[in-house]
Amino acid sequence: MITAGLDVGSRTIKLVLFADGHIVHSAVADSGLKPVDRCRRLLDSRSFDKLMVTGYGRDLVAPGLSGATISEISAQAAAVRFLYPDASSVIDIGGQDSKVIRLSPNGVQKFEMNDRCAAGTGKFLEIMARALELSIDDFARTALNAQRSVTLNSLCTVFAESEVVSLINKGEDAHAIALGLHQAVASRVGSMAKRVGMADRLIFSGGGAKNPCLVRLLEEKLSLKITVPEEPQTTAALGAAIIASLQPPSPSTGERPGVRVP
Amino acid sequence: MVLTENEQMWSELGIDLASHGQLMNALGPIYQEIYLGQKNRPKGMGFYDFVVGDIHGIRVKELREHAKSGGKVVATYCVFVPEEFCWASGAIPISLCAGTAFSIPAAEEVLPRNTCALIKSSFGFKLGRLCPYVQVSHLIVGETTCDGKKKMFELLAEHQPVYVMEVPNKRGPAGRALWQQEVRDFKAKIEELTGNRITAENLGEAIKKVNARRREFKRLSMLRAADPAPISGKDALLATQVSMYDDVERETQIMKALNEELEERVKNGEGVFPKGAKRILISGSPMAIPNWKLHHIIESAGAVVVGEESCTGSRFFNELAPEGITDLDEMVTALADRYLKTNCACFTPNCERLDDIIGMAKTLMADGVIHYNLQFCHTYANEAIQVDKALEKAGIPLLRIETDYSDEDAGQLKTRIDAFLETL
């Protein structure tokens with residue numbers, strides 16, 4: 001049986017096809033203004049038996065594609081369990097949200113999310129990189145190469161941006177500002193992680209995990225070794241596909257052979 | 001333009017008709033979507049649909065009639081204010097809290113933005129001249145359960161007579177003495193306002209009336225322990241919200257009929273959600289009309305809310321006042337003690353509340369507890385840490401939510417609640 005997991009996030013849409021315990025296909029696309037069309041295009045000419053949709057847009061997308069829905073938190077937990085059977089906690093930094101999850105032997109024991117605010121999310125880092133006129137990759141590299149950091153007082157995206165502008169105008173070094181911004185995010189996410197209680201083995205997923213400076217700072221803050229999956233962006237999609245594969249076929253229709261999306 | 005009978009009344013009460021019209025027009029579709037779309041609702045909810053359908057009409061008219069014949073209307077903000085004195089002296093107590101984002105911009109012209117939604121919404125109702133219940137009342141009674149409210153009452157007093165009761169922070173002998181004096185002073189204040197003496201006889205009767213309503217709500221609470229749940233959490237919450245400003249005897253009758261219908265349902269194994277639906281207890285900040293947001297998200301996700309450990313829930317009806325005391329002074333002391341048992345987060349310590357939450361979760365067979373915190377309500381937000389610890393120890397899953405009356409975090413809340421339900 002082939003199952004499809006679709007993660008309709010605020011910035012990107014991720015697809016994973018899962019069959020016989022293996023990932024057989026994965027793809028990432030921008031969400032754009034028409035996420036439903038993007039999803040259809042991602043699924044175009046792909047055959048699968050069942051579809052599970054997760055992410056912010058799950059309720060928008062699932063009905064039109066005859067898919068079921070699952071929360072991102074359960075999806076992340078399922079993927080991390082599959083990839084790392086000995087994992088005990090997860091940090092997930094996405095575009096809109098950051099989440100921390102403590103795993104139990106059969107799923108999620110406890111979780112927390114940032115409160116409706118960009119602080120501590122990928123969006124925050126994107127905006128700050130732009131303020132420094134750097135690409136998101138160069139932003140992380142610049143921070144990693146910093147000799148020292150400046151302390152940023154605000155984590156409110158708008159205020160932090162004006163703080164950055166005034167630091168630049170004071171002649172402050174871009175490396176030090178970049179590191180200060182990364183420290184601010186690591187501190188926010190780290191506090192949330194400590195509240196929930198992270199333990200070995202800690203997995204860092206989501207687009208934020210592609211930032212090596214953030215990985216290092218979180219390791220320092222939590223005094224834990226962090227493992228980043230090979231494709232950290234697609235873990236929620238993978239989890240959705242895994243959950244779909246574990247669910248019994250629906251009694252009314254049974255397993256549907258190769259649903260093809262028009 | 002010809003005014004309707006209601007509009008005529010609102011205009012006489014000084015309501016800003018244009019803004020008020022917008023508020024009423026917004027409420028209709030919300031109620032339609034959240035309430036009338038529910039399946040298999042108890043017939044007994046018909047009364048509440050009728051009340052909400054004319055939410056600023058019928059009851060306000062009654063209160064005005066009462067005022068026209070010389071009666072007084074006493075508006076309160078909190079379950080600490082002993083309503084029995086009002087009923088005993090012939091005054092009508094009504095609850096004033098407000099639960100809509102609509103009135104907040106008016107409040108923010110004066111109050112700091114980082115004030116809790118309940119305080120802002122309520123103050124905005126007065127400032128924006130949006131609430132006929134404030135307009136019709138002769139005295140507003142505040143209390144010192146939180147610093148935000150305490151200071152808001154000073155500003156409110158610039159617009160209307162306000163009387164504030166001091167609630168102690170500790171329940172020890174000094175706190176108890178202070179509270180008893182506050183209750184006696186409030187009794188004197190109500191006697192002065194109404195010109196009527198509060199006697200052992202009329203107070204004894206008022207205690208019985210209010211207790212009768214509390215008993216019906218306790219009965220409703222027990223009926224919600226059944227699986228399948230005979231009534232939705234939304235409907236039970238609405239009944240509580242309405243009864244906080246309705247006539248005490250009428251509410252007792254309405255609730256009695258509703259409870260009889262629900263008893264029948266429980267006997268027949270009939271419910272509003274399938275048997276085995278996930279059961280959630282809500283604990284924390286109060287939810288004033290039309291704040292049905294959290295209940296709606298939870299019940300739209302297929303779970304059922306089986307109880308509210310809050311001021312618009314158990315804290316409103318759990319404790320009965322002692323009956324059968326004949327000495328007025330002893331009666332007042334006993335009444336004061338009854339109110340001091342309200343397990344509000346304004347107390348330190350407030351361990352009793354933790355016991356209440358665990359007790360309710362067990363009695364109502366809740367699968368999990370959602371701690372609801374209005375943003376910027378610091379007492380409940382901090383107490384949530386103790387709640388978290390106590391529930392973890394008791395092995396009861398907890399989700400902490402902090403929000404306000406707006407819809408800006410609807411997607412976030414849905415993700416959290418879906419995820420929480422998936423873990424249960």
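The model is predicted, so local features need pLDDT of at least 70 and side-chain atom pairs count only at pLDDT 80 or more, while totals for chains, interfaces and linings use all residues. Residues are numbered from 1 along each chain as its sequence is written, chains are lettered from A and ligands numbered from 1 in the order in which they are written, and side-chain values use heavy atoms, with hydrogens and water left out.

**Where chain A meets chain B**

- Let's start with contact, which means heavy atoms within 4.5 Å: 18 residues of chain A touch 20 residues of chain B.
- The size of an interface is often given as the accessible area lost when the parts come together.
- Here the buried area is about 1600 Å², and carbon and sulfur atoms give 43% of that; the term stands for the accessible area (1.4 Å probe) that two parts lose on being put together, summed over both.
- How many salt bridges are there between chain A and chain B? There are five, where a salt bridge is a side-chain nitrogen of Lys or Arg within 4 Å of a carboxyl oxygen of Asp or Glu.
- A:Lys110 and B:Asp388 pair up in a salt bridge through their side chains, at 2.7 Å from N to O.
- On the side of chain A that touches chain B, α2 (58–61), α3 (72–83) and β9 (107–113) of chain A each supply at least two residues. Helices (H or I, at least four residues) and strands (E, at least two) are DSSP runs, numbered from the N terminus.
- β9(A) gives the most to that side, with five residues.
- Sorted by class, the side of chain A that touches chain B has six nonpolar, four polar and eight charged residues. In this scheme Ala, Val, Leu, Ile, Met, Phe, Trp, Tyr, Cys and Pro count as nonpolar, Asp, Glu, Lys and Arg as charged, and the others, Gly among them, as polar.

**Pockets and cavities**

- Rolling a probe the size of a water molecule over the atoms shows where empty space is left.
- On a 1 Å grid over the protein atoms alone, a cavity is a set of points where a 1.4 Å probe fits but cannot get out, and a pocket is an open set with protein on both sides within 12 Å along at least five of seven lines; lining residues have an atom within 4 Å of a point.
- Grid points are joined across faces, edges and corners, and a volume is the space filled by probe spheres set on the points.
- The second largest pocket holds about 1000 Å³ of space. It has 48 lining residues, and the closest to its centre are B:Tyr77, B:Cys97, B:Leu118, B:Lys149 and B:Pro286.
- α9(B) gives the most to the lining of this second largest pocket, with four residues, and the lining as a whole has 31 nonpolar, 14 polar and three charged residues.
- Counting cavities of 30 Å³ or more gives three, and the largest cavity has a volume of about 200 Å³.
- β2(B) gives the most to the lining of the largest cavity, with three residues.
- The second largest cavity has about 80 Å³ of space, and its lining is made up of five nonpolar, five polar and two charged residues.

- Over all chains, the whole structure has 48 salt bridges.
- One salt bridge joins the side chains of B:Arg64 and B:Glu12 (2.7 Å, N to O). B:Arg64 sits in helix α4 (residues 58–68) of chain B and B:Glu12 in helix α1 (residues 5–12) of chain B, so the pair ties together parts that are 52 residues apart in sequence.

- Most residues other than glycine have a negative phi, and most peptide bonds are trans.
- B:Asp227 and B:Pro228 are joined by a cis peptide bond with omega about 0 degrees, and B:Pro228 lies in the loop between α11 and α12 (233–243) of chain B.
- The bond from B:Thr348 to B:Pro349 is cis too, with omega near -10 degrees.
- A:Glu133 is not a glycine, yet has a positive phi of about 55 degrees; A:Glu133 lies in the loop between α4 (122–131) and α5 (136–144) of chain A.
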